[in-house]
Every structure is written in structure tokens, then in C-alpha cells.
Amino acid sequence: MTLGTAETGVNFPFDPHGLIDTAPIQSITEFVPEAETVEAEREAFAQLIAEIDSVVSPELEEELSTLTMCKGSKAYDGAFPVKK
Amino acid sequence: MAFLHLSWDIQHHNQKYAYRTQRINGYYVVTDVATNKTIVRLRIRDDYPGTFCVHEESGAIFCGYGPQKAGKDEEFLHLRLASDGSITIQRDLLCTLALFYGYDGSTFTVSNNFHSAWDTLTKHTLDKAALAEWLLPDLSWRRQTSCMEIHTLNELEKLNFRNGKLKLSPGPARTWMASRDAPPSNPHDFISVLEKHADVTIERFGKYFDAAVFELSGGLDSSFLPLYISQKHPGAVKRASSMLLTGHFRETQAEKLGALDQRIHPEWFYVSFDDPACRPMQDAVTTRKFAVRNYWAPGFEELLEHYASQLSAKGCRIIFTGDGGDELFDNMTDIEDSLGLGKAASERRLSESLTPFHTEIFRSAWRTAALQAKFMNYPQLAVNVHRALPLRNVFIEHGIWPISPFINKELYYFCQGLPIRYRANKNIFRAYSQAKRLPACIYNPRADEHPGNFLDELYLSGYYNELIDYFCTHGMVVNHFGYIDKNVLLKTLLGCFSGTLKAEERSKAIFLTHLWLQAEIGLTQFKET
């Protein structure tokens with residue numbers, strides 16, 4: 001049994017998706033965010049942490065701890081924020 | 001040409017050696033004065049981490065990269081060639097440069113390039129355990145290569161060669177073995193810890209930004225640093241590069257790259273996985289030219305080679321990557337299993353789902369390989385960080401040094417100390433990204449892209465059919481070792497072509513066929529198996 005030779009024909013055109021941006025590069029300056037912005041980010045983060053806490057039962061936590069790799073585990077199916 | 005290559009003939013080991021150092025065509029070259037033989041060639045590099053070659057008062061040669069007196073967290077490689085002919089090599093924690101060493105009883109060699117190490121030695125014995133790993137790499141990390149005379153020098157290890165004898169000293173032992181045993185971390189500290197590491201990266205490497213390119217896949221890890229830098233230092237990220245995926249993944253990847261472009265505004269460089277000039281194993285397909293291969297090879301070296309040469313031609317000397325980002329959040333339940341070593345890995349391999357064409361002879365060899373794996377110490381960094389070495393090697397040989405903010409022991413230990421619910425699905429990193437109002441398509445993507453479908457398309461086009469037929473007839477794996485049943489393999493591939501296999505099964509069969517072909521090509525270099 002052999003496979004023979006099929007048409008290769010894979011020759012996709014290179015498509016840069018029009019993403020090239022030729023805008024002039026700005027000089028390097030440090031942008032310091034306002035304190036309110038930093039505070040809002042930290043608050044949003046704390047809320048998301050609380051959300052994660054709220055959806056994870058001790059049983060689910062136990063199940064997750066036995067999985068060897070956590071990325072994209074079935075318990076979360078890769079979505080964020082986590083689902084109940 | 002290799003970044004670092006040492007070749008040492010032990011026939012004159014009783015002599016007192018005198019060395020000469022020269023700068024020739026961009027390399028430090030160390031020769032033996034008596035024989036005029038070249039012993040060391042090291043690429044001269046002024047950009048980070050910088051290489052050096054010093055002739056010491058004692059007559060010894062001291063060369064390597066990074067600081068000559070390096071701190072424990074610094075990136076370095078030290079090689080000392082003493083006047084009595086002894087050679088000592090000390091590695092750092094990061095091991096950015098792959099380093100292969102070999103000894104065949106008459107010649108000792110050290111090189112970042114497996115091919116160069118191979119060519120220097122006259123004896124090459126197949127490591128049969130490595131062959132099993134070649135066909136199904138699992139999660140293994142070990143010092144073996146496909147050649148029993150060649151090994152890798154790993155994290156914090158010290159190698160001494162004197163009078164024809166090798167002595168390998170391990171680095172300090174890891175203090176915890178499973179993620180649950182890592183010192184606990186407070187998730188609310190995540191922002192400050194992560195951003196502290198980003199700030200340190202900017203402080204250390206900001207002066208190289210003009211010569212740097214940021215590798216962007218569109219994923220969370222590679223996007224983090226350039227987005228962070230762009231928020232803090234608008235305009236500092238000047239260049240970005242990407243390897244474009246194919247098929248439906250190209251659409252979702254383009255969405256992500258477009259979102260990044262809106263925030264970062266870099267000059268972009270692209271290569272495409274479907275570039276017809278860079279197909280995997282194209283030399284083998286078109287000319288039956290079988291080059292030396294090691295199972296450490298990434299599988300699409302042709303494209304990486306093209307990518308690195310393009311970036312080098314554009315003046316890039318540093319590439320920032322997202323390497324090690326996934327590994328921060330891994331859950332390691334058993335370190336030996338994670339390393340593909342020992343009884344746990346062997347037991348798991350007993351029940352692992354293979355393809356229909358992998359035989360029980362293979363499974364038995366694969367299980368044995370886990371038990372036979374040699375290692376000195378458990379690595380302090382995440383296992384997969386070191387498996388990425390061959391990918392980085394391509395860039396280094398083109399004068400581009402890879403840097404990732406995630407390959408950092410302190411950050412890794414902090415993340416490993418987080419409760420599992422924050423590490424699973426990289427939830428805490430996604431929460432951070434959402435709180436920072438980064439593009440939603442980055443932290444909550446529609447698709448988790450990978451280059452696998454490109455390989456599917458290429459195989460289904462028939463591009464490899466003749467090569468498959470050739471190795472079904474001449475292949476050692478099939479005909480000598482009996483690890484692959486060629487009739488079942490061909491039947492499975494015909495099922496792939498006719499569409500009778502489910503997409504997931506088809507991709508798995510194609511990927512493992514690809515590994516088999518790579519292994520067959522690699523085996524052709526061994527005179528005796």
C-alpha cells in the first residue's frame with residue numbers, strides 16, 4: 001500500500017492584514033498614570049479575585065489540584081471570567 | 001556557525017599548554033600554540049549579555065558571556081581552559097544558550113549547536129531511550145540527546161574535563177517538589193509582583209529597546225510586556241514581529257494583532273507558517289538530503305531560521321518573548337512525572353492513549369525510557385522553560401538574544417504559591433489583564449491558536465507522501481525497531497485524507513507522523529543502531 005504523490009499546491013499568498021503602521025515613533029517618555037486610575041485597576045482586580053473565589057467550590061478546588069496542567073482545564077474551558 | 005564551539009583532543013593531555021587568542025571574523029578564537037589547532041570559537045557580542053575572552057596571568061583562558069564575576073541571579077556562562085589542559089564550564093540558572101557536550105574517548109566537545117558537537121565526535125551511538133522520546137516527547141526533560149556520547153549541560157551545573165575524565169557537579173537542589181508545597185502567596189500581591197518584574201526588565205534592558213523586537217503571537221504572555229511598556233513609555237516598543245498562523249486561526253490571530261497594533265504602534269515584521277520556501281523537512285522531501293537531527297529540534301527549524309535571519313537583517317539584536325508564561329501557572333502534582341521520569345511517568349505511559357499505529361513494542365520502550373532517564377537534579381525553574389532551548393538557539397546564532405520577563409525564579413515561585421483556582425486557566429493573569437483594560441480578545445480569546453492546523457494542511461496536501469512511502473520501506477523505526485506499524489500508519493493517513501477521522505484524531509495522527517519522519521531522518525545518521 002502506498003500513498004502516491006498528491007498535488008502539493010500549498011502556496012497561500014502572504015497576507016499582512018494591513019497591520020503595518022508607519023506612524024512616526026514617539027520619543028521615550030515615562031507616562032505616570034493618575035492615582036485614581038491605579039486605584040480603579042486594583043479595585044477591579046480585587047473584584048475579579050472575589051469572583052474567582054465565589055465560583056470555586058472546595059470540591060472543584062480539590063479536582064483542579066489533581067490536574068497536572070492547569071491551562072485550559074475542563075473545569076474552566078478556557079473562558080474568562082470563570083463560569084459557574 | 002555555532003555561537004560557541006570547543007574541540008579538545010586529549011592525545012596531548014600530559015603537556016603544559018600555551019594558548020593564543022585572536023579576534024577573527026567576529027569570533028574570539030583560542031588556539032593551541034604548539035599545534036596551532038583551534039580549541040575555542042566564541043562569537044564576539046557587544047550587546048547584552050556580551051561575550052568576553054581573557055588571557056589570564058596563569059596562562060589560562062577565561063571566556064564566556066555575561067559578567068565575569070556574576071551574581072547568583074545574573075545570566076552568564078563561564079568557560080575556563082587551564083594551562084594543564086583541564087576545562088571547566090559553569091552554567092547559570094537561565095541557560096538561555098543551549099549547551100551540548102560530548103566525549104567519545106578521544107575528543108571532548110562543547111557547543112551550543114548539536115550538529116557541531118556531532119560533527120566533532122567520531123563515535124555516535126544511538127540512545128534507544130531517546131528514540132522513544134523522539135517519537136512521543138511527552139513532557140520529558142533530561143540530559144540525554146539522541147546520541148549517547150552527547151548530553152546537555154543544564155541549570156547551574158558545573159562540568160570539569162581533566163585528563164580524559166568528565167566530572168559533572170549538580171546545582172543546588174530545589175526546595176519544593178510539587179506546586180502544593182510551594183510557599184503560599186497572596187493573590188492580591190499579584191499586580192505588584194508582576195509589575196515589579198516588568199519594571200526590572202525595563203530598567204535592565206530599556207537601553208536595548210532600539211535594537212529589540214517584541215515577538216507577539218497574539219496570546220496573553222507575549223502581549224504582556226509590550227503592552228505594559230507602551231502604557232508606561234509610549235513609543236518605546238518600536239518593532240514587533242509575528243509568526244502568522246494559517247486557516248481559521250489566522251483570522252482570530254489577526255484580530256489580536258490588530259488590537260495590539262492599536263495600543264503599541266510598532267513597525268511589524270511577519271513570517272508565515274505557510275511560506276512555501278520554509279516547509280519543515282523540505283530538504284528531505286525534495287533532495288532526500290537527511291541532515292543530522294536531534295529530538296530537541298523544534299520541528300519547524302526552516303521557518304525559524306528564515307524568521308531569525310530576517311530579524312537579524314533588520315538590525316534586531318534582542319528579542320523579547322513570552323517564554324515561560326504558561327509555566328508560571330502550571331500545576332505540578334509530581335515532579336518526576338512532570339519531568340517524564342521514573343515510576344510515575346512509566347505508569348502513566350502504560351495507560352496513555354497513543355495512535356493506532358504505535359505498537360505495544362513502542363509502548364514498552366517508551367515506558368522503559370522513563371525509567372532509564374538520567375538527570376542530576378530537579379530544575380529550579382519550570383521544566384518546559386528549558387525545553388524551549390532549541391528555539392532560542394536559532395535566534396542566538398543570528399545574533400539575537402532572547403529575553404523573557406517570565407523566566408525568573410522569584411516570579412515563578414510566587415505564582416506557584418498561589419492557590420490552584422488562580423493558576424487554573426491562568427485566571428489571575430486574565431483578571432490582571434481585564435483590570436488593566438487590556439484588549440478583551442487577548443485575555444478572553446475566541447480561540448486558543450496553535451500552528452497545528454498548518455501541519456494538517458501540509459500533510460493533507462500530499463507534500464510528504466513520497467517521504468512517508470520512502471521510510472515505510474527504508475525506515476529503521478518501522479522495519480528494525482517495530483515501533484510503528486506501517487500498514488496501520490498508511491491506513492490511518494488514508495483515513496485522514498478521506499475525512500473519515502475526527503479532526504482531533506486527524507491532527508494527532510498527523511503530528512505523530514511528523515515526529516516519526518523526523519526520527520527516521522535522524523536515525524539515518526547513525527552508522528550502527
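Leaving aside its neighbours within four places in sequence, which residues is B:Pro445 in contact with? B:Lys256, B:Arg430 and B:Ala440. Contact here means heavy atoms within 4.5 Å.

Some ground rules. This is a predicted model, where local features need pLDDT of at least 70, side-chain atom pairs count only at pLDDT 80 or more, and totals for chains, interfaces and linings use all residues. Side-chain values use heavy atoms, without hydrogens and water, residues are numbered from 1 along each chain as its sequence is written, and chains are lettered from A and ligands numbered from 1 in the order in which they are written.

Back to B:Pro445. It sits in the loop between helix 17 (440-443) and helix 18 (452-460) of chain B. Helices (H or I, at least four residues) and strands (E, at least two) are DSSP runs, numbered from the N terminus. B:Pro445 is partly exposed, because its relative accessibility is 23%. The classes: buried is under 20% relative accessible area, exposed over 50%, partly exposed in between (1.4 Å probe, protein chains only). B:Gly218 is 227 residues away from B:Pro445 in sequence, yet 9.5 Å away in space, C-alpha to C-alpha.

Next, strand 8 (residues 87-91) of chain B. B:Ile87, B:Ile89 and B:Arg91 point to one face and are buried. Strand 8 pairs antiparallel with strand 7 (residues 77-81) over five bridges, and with strand 12 (residues 158-162) over four. Pairing requires at least two DSSP bridges between the strands. B:Thr88 is the bridge partner of B:Arg80 and stands opposite B:Asn160 in strand 12. In the hairpin of strands 7 and 8, B:Gly85 takes a positive phi near 90°.
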